[in-house]
Amino acid sequence: MGEKKELLSGICLGAFGAYVSIEALNLPYVSEFGPGPGFFPLWIGIGLTLLSLLLILANFFALTPDESRERQSRLSIGRALVGWSGLILAIGLLQWLGFGLSLALLTLFLILVLERRPLWTALSVAIGLALGFHVIFVLALGLSLPSGPWGF
Amino acid sequence: MEALTNLLLGFSVALTPGNLFWCFVGVFLGTVVGILPGLGPAATIAMLLPLTFKMDHTAAIIMLAGIYYGSKYGGSTTSILLNVPGESASVVTCLDGYQMARQGRAGPALGISAIASFVAGTVGVIGLMLIAPPVARFALRFGPPEYFALMVLGLTMVVFLAGRSMIKGLLAMLVGLWLAGVGTDLFTAESRFTFGHMELLDGIDFVVVSIGIFAVAEVMVNMESRGGTELFKVPRGIRNLMPTLKDLKDCRFAFLNGSVIGFLIGVLPGAGSTIASFLSYGAEKAFSRYPEKFGTGVIEGVAAPEGANNSETGGALVPLLTLGIPGSNATAILLAALILWGIKPGPLLIQDHPALFWGLVSSMYVGNVMLLVLNLPLVPLFAQILRVPYFILYPGILGISVVGVYSVSNSLFDVWMLGLFGILGYAMRKLDFPAAPLVLGMVLGDGMERALRQSLMMSQGHLSVIVTRPLSATMICLALAILIMPLVNKVRSFRLKAVEQDV
């Protein structure tokens with residue numbers, strides 16, 4: 001028996017493959033123009049399911065877990081997920097606060113919470129980045145970025 | 001002799017002070033556009049189009065083409081330095097380019113990218129000059145079965161991108177193919193896998209997926225430890241920031257490979273620089289003496305795709321100028337520009353507008369030299385980006401990612417998708433699934449499905465149409481050979497081990 005994560009990814013992808021196949025069966029396999037919209041996804045779903053089974057089987061017959069691979073501590077994965085949550089929060093704030101302020105808040109969060117740097121460092125980087133992005137992308141390139149009630 | 005006379009005519013047009021100026025403006029804007037995410041060459045050309053109405057047409061096409069091929073030079077910069085591919089053709093450059101940057105070799109990676117771009121870009125122009133009309137006629141023989149076979153050949157590059165597990169590489173590729181199918185079916189207008197979201201009817205943009213699984217996932221991996229992973233070493237001194245003679249020697253085949261594959265793929269309308277860069281990377285790895293090192297920071301892994309990406313430009317202008325067929329968004333806008341000026345691209349263009357055609361070709365030689373002179377001195381400057389402390393760099397990368405994705409269609413939904421693909425990319429990294437095959441599947445999926453369905457419509461459902469036409473049959477055989485190659489190698493190494501044990 002190999003690693004648990006291999007088994008888990010095999011099961012997840014197998015389930016996804018089954019879902020794709022079932023959804024594809026609800027679409028016409030053949031249309032008046034030839035192969036229908038369900039044709040290609042059905043074969044993709046079947047391929048995903050079969051290869052996932054192969055992955056599970058290969059893992060089943062693997063005698064020992066691969067010790068050479070680095071074991072991830074829960075703490076390090078947790079840190080990455082906290083950083084990702086910060087990004088998701090900032091994306092959620094884009095339509096309310098605009099790009100500049102959301103980026104500044106994300107920067108503050110990453111530097112203060114994850115990196116534990118002093119407040120003044122976090123503040124100066126956050127303000128500098130927000131201003132830099134505004135100058136380059138909005139003023140110089142004329143891109144339209146999400147803006148808050150104050151216009152940036 | 002005739003080509004030489006025409007070239008002299010071209011240079012007499014391209015080397016006038018006015019045209020030299022517009023050529024410089026074009027390549028400079030192109031470089032900037034290539035480096036900065038969010039503003040591709042197609043959008044830039046479209047924005048500048050109204051300004052060209054009062055310009056001389058030759059000067060205008062020289063400038064617009066300069067933006068087009070100049071952006072290819074700049075495109076590798078963010079891939080190498082930040083693992084942020086600004087366009088699909090730069091994805092392959094991330095694989096070895098970013099690894100080189102992590103090892104303190106960002107300078108040589110950027111330098112070899114500029115040199116490969118120059119060499120292959122020049123070869124592409126020579127190809128455009130010498131063999132444009134016959135190659136264009138050959139490309140017309142490509143029907144849906146040939147395009148399908150070409151896409152299959154492109155997909156077999158998964159063999160070279162799969163990493164340790166072929167099963168995982170194939171699974172990632174299938175997920176990419178599925179992602180390409182999300183949205184409205186072009187043949188029947190039926191929606192597929194849209195989960196009730198109107199925003200998904202147009203499909204998922206490639207930029208969203210690639211920035212998510214490459215850039216956001218990379219930032220997440222580096223967030224795992226406080227202070228970030230120590231990855232950005234930049235040696236001091238210009239000598240350490242440029243490719244060495246050994247690097248150049250190692251890349252000589254990559255220059256050739258990138259030039260030839262890039263040009264040939266460029267000639268095929270719709271094939272595009274992404275396939276060219278993937279194919280040339282695969283070819284480089286297949287013929288390398290150390291294929292196992294690809295993906296860990298091999299300089300040929302940067303030179304080959306970057307060369308192909310630039311040589312493709314010369315190739316893509318062949319069907320555009322000689323047949324009036326654009327192969328990409330940027331060439332479609334160039335076509336629109338020509339038509340708006342009252343110039344009809346097609347077989348008679350060279351005959352009716354020799355100064356414009358040969359002036360453009362000659363300006364591309366000049367433009368490539370300008371780009372090399374412009375880009376090489378900037379390498380040390382760009383490499384300094386890596387000296388920026390990680391706690392500034394990471395929010396900056398996330399900001400650039402959001403800008404790049406949002407500017408595709410000004411959609412916040414796309415930014416949410418960026419977050420989703422970021423976590424998917426991180427999970428793939430943790431579970432040892434390679435990301436490049438997913439991108440490969442996504443890039444080729446749409447065209448492959450269309451070509452397959454058109455082929456089956458042509459043949460009333462008989463798959464044999466793909467193997468009975470000589471061109472498609474050859475490509476399918478080549479694809480099979482590439483797929484079988486790793487198995488043969490495995491059997492051979494197993495046999496050698498068995499023989500050694502017997503001895």
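1. Let's start where the two chains meet. In this predicted model, the contact takes 51 residues from chain A and 47 residues from chain B. On the chain A side, at least two residues each come from helix 1 (4-25), strand 2 (34-35), helix 2 (39-61), helix 3 (74-114) and helix 4 (119-140). Helix 3 of chain A gives the largest share of that side, with 17 residues. Sorted by class, the side of chain A that touches chain B holds 34 nonpolar, 12 polar and five charged residues.

2. A word on confidence in the complex and in chain A. The predictor assigns the complex an ipTM of 0.92 and a pTM of 0.78. For chain A the mean pLDDT is 87, with 91% of its residues at 70 or more. Within chain A, helix 3 has the highest confidence, at 93, while strand 2 has the lowest, at a mean of 80. Both of these elements also supply residues to the side of chain A that touches chain B.

3. The lowest confidence in chain B falls in helix 11 (residues 238-241), at a mean of 63, and the highest in helix 21 (residues 412-430), at 93.

4. Next, the build of chain A. Chain A contains four helices and two strands, and along the sequence they follow the pattern α-β-β-α-α-α. The C-alpha trace of chain A spans about 55 × 55 × 25 Å along its principal axes.

5. Still with chain A, the domain assignment gives domain 1 (4-61) and domain 2 (74-140). The C-alpha centres of these two domains of chain A lie 38 Å apart. Of the 152 residues of chain A, 37% count as buried. Among its contacts between residues at least 6 apart in sequence, 56% join residues at least 24 apart.

6. The largest nonpolar core is worth a look in your viewer. This core has 196 residues, and those with the most contacts inside it are B:Leu64, B:Leu171, B:Leu174, B:Leu334 and B:Leu440. Helix 6 (residues 106-139) of chain B provides the largest share of the core, 15 residues. Chain A takes part as well: at least three residues of the core come from each of domain 1 (4-61) and domain 2 (74-140) of chain A.

7. To see one of those leucines in its surroundings, select B:Leu440. Not counting residues up to four places away in sequence, B:Leu440 touches B:Leu155, B:Met157, B:Val158, B:Leu161, B:Met173, B:Gly176 and B:Phe278.

8. Is B:Asn375 buried or exposed? This residue lies in helix 18 (residues 354-375) of chain B. B:Asn375 has 25 C-beta neighbours inside 10 Å, and 20 or more are needed, so B:Asn375 counts as buried. Leaving aside neighbours within four places in sequence, B:Asn375 is in contact with B:Thr31, B:Tyr73 and B:Ala114. B:Leu128 is 247 residues away from B:Asn375 along the chain, and their C-alpha atoms are separated by 24 Å.

9. B:Phe24 is partly exposed, with 19 other C-beta atoms within 10 Å. The C-alpha atoms of B:Phe24 and B:Gly183 are separated by 41 Å, and the two residues are 159 apart along the chain.

10. Finally, two backbone angles to check. Most residues other than glycine have a negative phi. A:Arg116, although not a glycine, has a positive phi of about 55°; A:Arg116 is in the loop between helix 3 and helix 4 of chain A. A:Arg116 is exposed, with 10 other C-beta atoms within 10 Å. B:Asn410 is not a glycine either, yet B:Asn410 has a positive phi of about 50°. B:Asn410 lies in the loop between helix 20 (390-409) and helix 21 of chain B, and with 11 C-beta neighbours inside 10 Å, B:Asn410 counts as exposed.

Terms used:
Residues are numbered from 1 along each chain as its sequence is written. Chains are lettered from A and ligands numbered from 1 in the order in which they are written. This is a predicted model: local features need pLDDT of at least 70, side-chain atom pairs count only at pLDDT 80 or more; totals for chains, interfaces and linings use all residues. Domain bounds come from an automatic or database domain assignment. A nonpolar core is a set of buried Ala, Val, Leu, Ile, Met, Phe, Trp, Tyr and Cys residues joined through C-beta atoms within 7 Å. A residue is buried if 20 or more other C-beta atoms lie within 10 Å of its own, exposed if 12 or fewer, and partly exposed in between; C-beta atoms are placed from the backbone. Two residues are in contact if their C-beta atoms, placed from the backbone, lie within 7 Å. Ala, Val, Leu, Ile, Met, Phe, Trp, Tyr, Cys and Pro count as nonpolar, Asp, Glu, Lys and Arg as charged, and the others, Gly among them, as polar. pLDDT is the predictor's confidence in each residue, from 0 to 100.
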